[in-house]
Amino acid sequence: MRPLPVSPSNNEIRIGSRLRAARQAHGYTLDQLASAAGLTKGFLSRVERDETSLSVASLITLCEVMSLDVGSLFTVPDVALVRLDSAPAINLGGAGVDERLMTPRGQSRVQVVHTDAEPGGTGGKDFYTINCEYEVVYVLAGSIEMLFTDRRVALSAGDALTFPGGEPHTWVNASETERAELVWVLTPAPWSGSA
């Protein structure tokens, strides 16, 4: 007998949570999906908890019922780690700020920006807009004042503000002594690629 060219990893492949997520995304109850696939509710529940495995035929049937590509259950999710100390610096036009892009440059669905604002730091003296649907600013430390054309909103550590990206705005760390640390979430990402 010839040796196998590749040894099996013996790693268990866990697809239960992915099947559950697909079922819920399609709006099926356990009863409905089990019935449509010719399985029992109890068996399907155990499969979703990775307590038992499906036959290939049952897996294909479940995927057909949910119009799900079988291979999608086995793909490794695209995960990207960006550490603050090595995140690329970006210039969004502010003054007295250090801004870092915390999501990969090619990410198109969401972007996260970390801002460290010295006392008096600002997003700029003029109002600006961002080409995205929504912006969220979350204050990690210190405080800022968000300025809109018709109002001002004071934010302190622990506060978050959500607003449309097309809303003209700017912001300022009005403190004379305290730094402010902010996280901005922009969706969809207003820019991508290398800068």
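## A walk from helices to strands

Helices and strands here are DSSP runs, numbered from the N terminus (H or I, at least four residues, for helices; E, at least two, for strands). You're looking at a predicted model, so local features need pLDDT of at least 70 and side-chain atom pairs count only at pLDDT 80 or more, while totals for chains, interfaces and linings use all residues. Residues are numbered from 1 along each chain as its sequence is written, and side-chain values use heavy atoms, with hydrogens and water left out. UniProt, in an unreviewed entry, places "domain: HTH cro/C1-type" at residues 19–73; such annotations may be inferred rather than shown by experiment.

Now find two helices. The axes of H2 (residues 30–37) and H3 (residues 41–48) come within 9 Å and cross at roughly 110°. That makes H2 roughly perpendicular to H3 (the label covers 65 to 115 degrees; under 35 is roughly parallel, over 145 roughly antiparallel, and the rest oblique). Axes are lines fitted to C-alpha atoms, for helices over the stretch in contact, with angles from 0 to 180 degrees between N-to-C directions. Leu30, Asp31, Leu33 and Ala34 of H2 make the contact with Lys41, Leu44, Ser45 and Glu48 of H3, where contact means heavy atoms within 4.5 Å.

Aspartate 50 isn't a glycine, yet has a positive phi of about 55°. Most residues other than glycine have a negative phi.

On to the strands, which pair if DSSP finds at least two bridges between them. E1 (residues 89–90) and E2 (residues 95–101) pair in the antiparallel sense over two bridges. They form a hairpin with four residues between them, and glycine 93 in the turn has a positive phi of about 95°. E2 also runs antiparallel to E3 (residues 111–122), joined by six bridges. Follow glutamate 99 in E2: its bridge partner is isoleucine 90, and glutamate 99 also stands opposite threonine 115 in E3.

Finally, look at phenylalanine 148 and phenylalanine 163. Their ring centres are 5.2 Å apart and their planes are at 80°, so the pair is edge-to-face (centres within 6.5 Å make a pair of Phe, Tyr or Trp rings, taking the six-membered ring of Trp; planes over 60 degrees apart are edge-to-face, under 30 stacked, the rest tilted). Phenylalanine 148 lies in E5 (residues 143–148) and phenylalanine 163 in E7 (residues 160–164), so the pair ties together parts 15 residues apart in sequence.
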